[in-house]
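Colleague: I have a structure open and some terms to question. Can we go through them one by one?

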Amino acid sequence: MNKTIRRASAFCLLMVLALLVRATWVQGYEAKALADNEHNRRNTIAQYAHPLGDIIVAGSPVTGSKGTSGGDLRYKRTYTQGELYAAVTGYSSQAYGATQLEGIYSGVLDGTDDRLKNPADLITGRQAVPGNVLTTIDPGVQKAAYEALGGDKGAAVAIDPKTGRILGMVSTPSYDPSEISGTGDGDAWRKLLDDKDKPLVNRALRQPLAPGSTFKLVVAAAALENGLYGSVDEATDSPDPYTLPGTRTILRNENASAPCENATLRTALQYSCNNVFAKAAADLGQDKVKEMADAFGFDTEKLDVPVRASKSVYPTGMDKAQTALTGIGQFEVTATPLQMAMVTAALANGGELAAPHMVSSVTDGDGSALEETEDGKTERVVKESTAEQLRSAMVTVVEKGTGTNARIAGAEVGGKTGTAQNGVDNSNTPYAWFTSYAKDDSSGKEVAVAVIVEDSGSARSEVSGNGLAAPIAQKMMKAALER
């Protein structure tokens with residue numbers, strides 16, 4: 001054999017070996033990555049080859065599947081009362097992917113999750129019978145929130161304080177996921193993306209905004225826990241008007257005639273006295289206020305319910321004047337409705353915060369549990385005596401203060417209003433907040449809620465937590481106590 005043939009043979013052998021190595025690498029090491037690649041259409045075909053499993057509310061599915069005509073995607077997702085439950089389910093779209101519960105549990109719902117498969121399925125790769133996702137949502141609370149928000153831009157969350165179960169979660173304006181579940185829904189998709197009110201954003205979880213005076217509950221808790229004041233009925237050292245430390249800026253109260261000078265924490269919550277809580281925050285210092293805020297859940301990077309909530313923030317690196325402004329929920333303090341509902345839920349539950357969650361269990365096609373969420377897993381946030389005092393002060397707010405629109409006959413109701421500045425120099429319409437709890441001693445039922453109305457179309461002079469947000473909270477609490 002001459003030299004040329006030997007070299008050609010060696011080169012061909014090396015090429016064959018290279019191909020074998022590459023084929024082995026792809027099949028042995030890259031197979032899963034290729035199979036899971038978002039551009040692999042086989043995954044989408046497999047996902048929609050059979051009816052999907054369902055998301056369940058109070059024993060009834062709020063999702064479904066229906067056959068398609070033509071194409072290689074045989075089924076598409078459908079939704080019952082899609083706009084009502086969109087903030088819970090998210091969407092499952094053949095063209096645009098899946099979000100929220102649809103996305104988190106896509107493997108269970110389409111039958112590809114390995115936990116659904118028997119040994120033979122795992123070997124052959126055969127798709128199993130899909131499973132279901134059981135939520136904690138109460139349809140009565142959900143409907144009450146959705147109807148009460150109506151055409152307003154805003155959000156609402158309701159939590160069972162003892163168990164942490166999320167009973168209601170609504171974001172408005174909403175959308176119908178059925179309208180974007182197929183492959184030919186481009187016009188509907190673009191309309192949602194172009195909508196200035198951003199209906200695809202879950203405002204209850206994913207849009208933290210200035211909490212305004214609802215944050216005064218956190219400052220009051222810090223003042224009691226750190227011994228700044230011995231009780232909610234002890235007079236504070238709070239001049240009115242109050243000048244922000246190191247500045248000439250005077251912080252005034254919304255109600256100029258309110259008895260806010262040296263007011264007790266109870267009176268300060270009742271009339272929402274800015275001077276009391278701004279000075280308390282400045283006296284405590286940012287570290288102590290932040291410690292309290294973080295205990296309630298602020299600054300948590302991974303708050304999963306199981307959908308991940310955006311981080312609510314208590315800022316750092318402030319001067320004393322900026323710290324004072326955080327005492328009234330302004331400067332750079334932000335919170336989601338979920339976060340403010342957690343604050344009130346902890347106070348309603350004797351100072352213990354139950355981990356919030358909106359999925360009770362995930363099951364296989366036969367109803368056997370694949371995973372279950374533990375109810376009532378708690379962490380202590382404040383002493384029981386602190387929680388008791390703040391509940392008493394919150395009741396005063398509802399009975400004869402700024403939150404009278406939240407009253408429910410025969411129930412103990414406590415709350416806190418908030419009107420948060422929006423825009424440079426408060427140039428935009430303020431946000432109306434209300435957070436509250438309700439207890440029915442005869443039935444033992446209780447609930448904590450938080451509501452934000454970002455924009456109701458009302459004139460600026462008509463925007464208030466009691467006027468816009470408290471009536472929504474009242475309807476949600478009433479529905480929860482009647483469930």
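Modeller: Start with the largest nonpolar core, which has 93 residues. Those with the most contacts inside it are I166, M169, F215, F277, F296, F298 and L338. Helix α16 gives the most to this core, with nine residues. This is a predicted model: local features need pLDDT of at least 70, side-chain atom pairs count only at pLDDT 80 or more, and totals for chains, interfaces and linings use all residues. Residues are numbered from 1 along each chain as its sequence is written, and side-chain values use heavy atoms, with hydrogens and water left out.

Colleague: What makes a set of residues a nonpolar core?

Modeller: The members are buried Ala, Val, Leu, Ile, Met, Phe, Trp, Tyr and Cys residues joined through side-chain atoms within 4.5 Å. Buried means under 20% relative accessible area, with exposed over 50% and partly exposed in between (1.4 Å probe, protein chains only). A second, separate core of 31 residues includes I408, V413, A470 and L481.

Colleague: Which residues does L338 touch?

Modeller: Leaving out residues up to four places away in sequence, L338 touches V157, I159, I166, A204, L205, L303, V305, A309 and P356. Contact means heavy atoms within 4.5 Å.

Colleague: Why are α16 and α17 called roughly perpendicular?

Modeller: The axes of α16 (residues 337–348) and α17 (residues 384–400) come within 8 Å and cross at roughly 115°. Angles of 65 to 115 degrees count as roughly perpendicular, under 35 as roughly parallel, over 145 as roughly antiparallel and the rest as oblique. That makes α16 roughly perpendicular to α17. T344, L347 and A348 of α16 meet A387, L390, R391 and M394 of α17.

Colleague: Why is the pair of Y91 and Y175 called edge-to-face?

Modeller: Rings of Phe, Tyr and Trp (its six-membered ring) pair if their centres lie within 6.5 Å; planes under 30 degrees apart count as stacked, over 60 as edge-to-face and the rest as tilted. The centres of Y91 and Y175 are 6.4 Å apart and the planes lie at 75°, so the pair is edge-to-face. Y91 and Y175 are 84 residues apart in the chain, and both are buried. Y91, Y96, Y175 and W189 form one aromatic cluster.

Colleague: How do you know that F215 and F298 form an edge-to-face pair?

Modeller: Their values are 5.5 Å centre to centre and 80° between the planes. The pair is edge-to-face. F215 and F298 sit 83 residues apart, and both are buried.

Notes
Axes are lines fitted to C-alpha atoms, for helices over the stretch in contact, and angles run from 0 to 180 degrees between N-to-C directions. Helices (H or I, at least four residues) and strands (E, at least two) are DSSP runs, numbered from the N terminus.
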